[in-house]
Structures are given as C-alpha cells and as structure tokens.
Amino acid sequence: MTQLVRRLQLPIVIVLFMAGSAFLRQMCYLSLAANTAFGIAYLTAVYGFVRARYGILIPPLLLGLVLIGVEVDALGNYFHAYGSQFGPMQYDEFAHLTIQVLVTPLIVWLMREALERFGQQLTLGLTTFFAATIVFGLSAFYEVIELWDELYFGGHRIWSTRDTSTDLQFDLFGIVIGAVLAFTLLKYRVKRSQFARAEIPGSV
C-alpha cells in the first residue's frame with residue numbers, strides 16, 4: 001500500500017488540492033450537512049495519505065479543530081449570519097479569526113513533524129513562523145478563490161472594496177493567536193519530554 005501511494009503521490013496531491021479548492025469555492029452554497037460530510041471525508045483522506053506516504057499519525061484532536069473551523073463557516077451560512085453583527089465584530093470577521101486560530105496549530109505540528117522526520121534542525125520558533133506564513137499564504141489563496149467565484153462563476157462573495165483586506169487582517173490576527181498557542185503547547189511538550197528523560201536512570 002505504501003509503495004502504491006509513493007508511486008501515485010503526485011496525482012493524489014493534485015486531486016486533494018483540486019478537491020479542496022473546489023470545496024472552498026462551493027462551501028458557502030452547500031448545506032450544513034454537505035459541508036460537514038465533505039469536511040470529514042476530506043480530512044480522513046488527508047490523514048490516510050500522510051500516514052501511508054510519510055508514516056506520520058496526525059493527532060485526531062488537531063483534525064477535529066480543523067473540522068470545527070469548517071463548521072464555523074457552515075453554521076454562519078446556515079443561520080445567514082454573514083453580513084450581521086456578532087458581538088463586537090461582523091460574523092465574517094469572527095469566522096476568519098476563529099478558523100485561523102483552529103487551523104494554524106495543525107500546520108505548525110505538521111511542519112515540525114516533517115522537519116524532524118527528514119532530519120532537519122530548525123528551532124521551534126522558526127518552525128512556527130514559517131508554518132504561520134504558509135497558513136497566511138493559503139488564506140490569501142482563498143481570497144483569490146473568492147475573486148474567481150465573483151468574476152467567472154456568478155458568485156457574490158466580495159461585499160465592499162475593503163472586504164478582502166479586512167478578511168486578511170482577521171486571518172492574520174487568528175494566525176498569530178493560533179501560532180502562539182501551538183508554540184506554547186509544543187514548547188511545554190518538549191520540556192516535559194526532556195524532564196521525563198532526565199528522570200530515567202542512565203538516560204542522556
């Protein structure tokens with residue numbers, strides 16, 4: 001199975017990328033059930049591919065956080081909350097902020113695992129920083145998808161001249177919060193691991 005996944009790695013990545021992009025374009029038009037079902041199926045496929053190709057077991061908790069992010073967007077559409085006030089901000093702003101807080105820890109964790117797996121030495125701080133830039137790049141790509149939907153598919157996703165810049169601003173806030181949380185938790189985990197090894201007699 002592993003050898004087959006290795007041989008088909010490029011087509012699998014392309015399919016995952018295209019399916020994810022198509023979902024991001026359509027998700028605001030889909031039902032809550034459809035968004036949830038696709039989110040579970042897509043995350044399961046990503047988990048299976050990463051496990052089969054690289055032997056990395058993604059913690060279900062991190063995948064669950066990403067699914068909650070999908071639900072934040074889907075619930076906003078279900079209750080027609082977009083364009084409405086949600087506490088001190090618009091729901092759109094809340095969604096962009098919250099989704100990035102939920103997604104960023106997974107990307108930080110994956111980058112750290114990948115670097116360790118391939119024997120690359122990089123501090124946790126730099127790993128977190130580069131992972132955050134990847135998430136921000138993906139957020140910018142989502143804004144491009146919104147533009148394409150507006151220009152070529154008859155969608156109505158851009159509500160004002162400041163919509164995209166406002167979305168990216170709250171994406172950035174969420175990424176910073178998510179990155180700080182991921183860094184803090186991973187730092188704590190490393191210290192606990194070092195302490196445990198020091199407690200074992202004869203450990204280095």
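Figure 1. The model is predicted; local features require pLDDT of at least 70 and side-chain atom pairs pLDDT 80 or more, whereas totals for chains, interfaces and linings use all residues. Residues are numbered from 1 along each chain as its sequence is written, and side-chain values use heavy atoms, without hydrogens or water. E146 belongs to helix α6. With a relative accessible area of 6%, E146 is buried (under 20% relative accessible area with a 1.4 Å probe, protein chains only; exposed is over 50%, and partly exposed lies in between).

**Figure 2. Helix α6 comprises residues 124-152.** Helices are DSSP runs of H or I with at least four residues, strands are runs of E with at least two, and both are numbered from the N terminus. The 29 residues of α6 should span 42 Å at 1.5 Å a residue, and the C-alpha atoms at the helix ends do lie 42 Å apart, so the two values agree. The expected span is 1.5 Å times one less than the number of residues. Buried residues of α6 include L124, T127, T128, A131, A132 and V135. Further along α6, S139, Y142, E143, I145, E146 and D149 are also buried. Just after the helix, G154 adopts a positive phi of about 75°.

**Figure 3. The buried residues of α4 pack against α2, α3 and α5.** Helix α4 contains 19 residues, and the distance from its first C-alpha to its last is 26 Å, close to the expected 27 Å. Its buried residues are L62, L63, V66, G69, V70, V72, D73, A74, G76 and N77. Just after α4, H80 has a positive phi of about 55°.

**Figure 4. The second largest pocket has a lining to which α4, α5 and α7 each supply at least two residues.** A pocket is an open set of points on a 1 Å grid over the protein atoms alone, where a 1.4 Å probe fits and protein lies on both sides within 12 Å along at least five of seven lines; lining residues have an atom within 4 Å of a point. The lining consists of P59, L61, L62, L65, P105, W109, L181, A182, L185, L186 and R189. Helix α7 (163-199) gives the most, with five residues.

**Figure 5. The whole structure contains 13 aromatic pairs.** Rings of Phe, Tyr and Trp (its six-membered ring) pair if their centres lie within 6.5 Å; planes under 30 degrees apart are stacked, over 60 edge-to-face, and the rest tilted. The ring centres of F49 and Y54 are 6.3 Å apart and their planes stand at 90°, so this pair is edge-to-face. F49 is buried at 11% relative accessible area, whereas Y54, at 29%, is partly exposed. F129 and F130 also form an edge-to-face pair, with 5.4 Å between centres and 65° between planes. F130 is partly exposed, with a relative accessibility of 37%. Elsewhere, Y82, F86, Y91 and F94 are linked by ring pairs into a cluster.

**Figure 6. The protein chain has seven helices and two strands.** From the N terminus, its elements follow the order α-α-α-α-β-β-α-α-α. Along the principal axes, the C-alpha atoms fill a box of roughly 65 × 45 × 25 Å. Of the 204 residues, 36% are buried. Among contacts with a separation of 6 or more, 68% join residues 24 or more positions apart.

Note on methods:
Contact = heavy atoms within 4.5 Å.
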